[in-house]
Amino acid sequence: MTTTYKKIGILGGMGPVATGYFYNLLLKEMQEQYHAVQDTDYPSLVLYSLPLTGFDETGIVDEDLVLQQLEEGIQILEQAQCDFIVIPCNTVHYFIEALRMKAKIPILSIIEETVQVVAQDSPVSVGLLASETTFKEQLYHQACEEDIKIIAPDSGSYQKITALILKVMGGEDHVEAKKAVLEIMKKMEGEVDAYIVGCTELSVVLSENEIDIKIYDPLKILAKATVRYAIVEEQVTPIMI
């Protein structure tokens with residue numbers, strides 16, 4: 001059996017640590033689900049790491065500047081003849097529709113893919129751990145069905161979440177910051193049926209079995225969707241007699 005793939009374009013760098021983790025998730029998905037071993041078992045891809053300005057651990061600071069850079073990144077991947085694009089960052093999906101209008105190739109959405117998976121389980125309420133921009137702009141609220149309630153941590157908790165994001169971005173020891181975020185999650189347990197880890201830096205350090213409640217990891221969901229979308233067809237290799 002041979003598989004042919006579309007060429008994947010990854011617009012990353014937001015941040016670089018999370019992008020590297022996403023690439024490893026793609027490899028793991030190929031190995032576990034599609035038994036990839038040889039170089040030729042993996043899809044062709046182009047990773048453009050964009051050092052985005054006007055954007056920090058709290059989210060979007062300068063909308064016009066961020067959008068301009070994202071559009072330039074899309075053009076670079078189009079010029080590299082990618083067949084579709086993924087962006088392993090939740091917050092910049094604030095611009096997803098504007099980017100799709102300009103792009104000549106499809107762009108998968110980490111938020112849309114995550115919400116589809118969440119909807120299959122039909123939780124009543126979901127706790128969202130994310131950057132301030134992701135929550136303020138209600139990126140997951142708008143994508144979710146009306147019968148799924150999105151709940152945020154209290155306002156004081158965002159400082160602890162931001163602290164963990166910064167430590168992951170800087171490669172620092174994040175044990176204490178992670179412990180603080182887990183405490184936030186445990187405080188919300190009576191209010192929520194599940195959690196969405198809506199910041200890719202948090203995905204790097206929060207595993208799905210940290211607590212007893214279901215955790216949805218958008219970065220892992222996007223990795224699965226990326227590989228699935230990349231597959232063009234599977235062909236049976238004829239046996240030569």
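Here are some friendly notes on this predicted model, taken point by point.

1. First, the ground rules. In this predicted model, local features need pLDDT of at least 70 and side-chain atom pairs count only at pLDDT 80 or more, while totals for chains, interfaces and linings use all residues. Residues are numbered from 1 along each chain as its sequence is written, and side-chain values use heavy atoms, with hydrogens and water left out.

2. The sheet. Three strands form an open sheet in the order β3-β2-β6, with parallel pairing; strands here are DSSP runs of E of at least two residues, helices are runs of H or I of at least four, and both are numbered from the N terminus. Two strands pair if DSSP finds at least two bridges between them. The edge strands, each pairing on one side only, are β3 (45–49) and β6 (84–86). From one strand to the next the twist averages 20 degrees.

3. Inside the sheet. Strand β2 (residues 8–12) runs parallel to β6 and is joined to it by three bridges. Helix α2 (residues 63–79) lies across β2, β3 and β6, running at about 155 degrees to β2. Axes are lines fitted to C-alpha atoms, for helices over the stretch in contact, and angles run from 0 to 180 degrees between N-to-C directions.

4. Helix α4. The expected span of a helix is 1.5 Å times one less than its number of residues. Ser109 caps the N-terminal end of α4, with a side-chain oxygen 3.2 Å from the backbone nitrogen of Ile111. Just after α4, Ser122 takes a positive phi of about 55 degrees. The buried residues of α4 are Ile110, Ile111, Glu113, Thr114, Val115 and Val118; buried means under 20% relative accessible area, exposed over 50%, and partly exposed in between (1.4 Å probe, protein chains only). Their cover includes β7 (125–130), α6 (139–143), β9 (194–198), α9, β10 (214–216) and α10.

5. Helix α10. The 13 residues of α10 (residues 218–230) should span 18 Å, and the end C-alpha atoms are 18 Å apart, in agreement. At its start, a side-chain oxygen of Asp217 reaches to within 3.0 Å of the backbone nitrogen of Leu219. Among the buried residues of α10 are Pro218, Leu219, Ile221 and Leu222.

6. Where α4 meets α10. The axes of α4 (residues 110–121) and α10 come within 9 Å and cross at roughly 100 degrees. That makes α4 roughly perpendicular to α10, a label for angles of 65 to 115 degrees; under 35 counts as roughly parallel, over 145 as roughly antiparallel and the rest as oblique. Ile110, Glu113, Thr114 and Val117 of α4 make the contact with α10 residues including Pro218, Ile221 and Arg228, where contact means heavy atoms within 4.5 Å.

7. Two buried side chains worth a click. Thr19, in helix α1 (residues 16–34), is buried at a relative accessible area of 4%. A polar atom of the Thr19 side chain lies 2.8 Å from the backbone nitrogen of Gly13. Ser203, in helix α9 (residues 200–205), is buried at 1%. Leaving aside neighbours within four places in sequence, Ser203 is in contact with Tyr21, Val197, Asp217 and Leu219.

Note on methods:
Polar contact = N/O pair within 3.5 Å; in protein donor to acceptor, adjacent residues only side chain to side chain.
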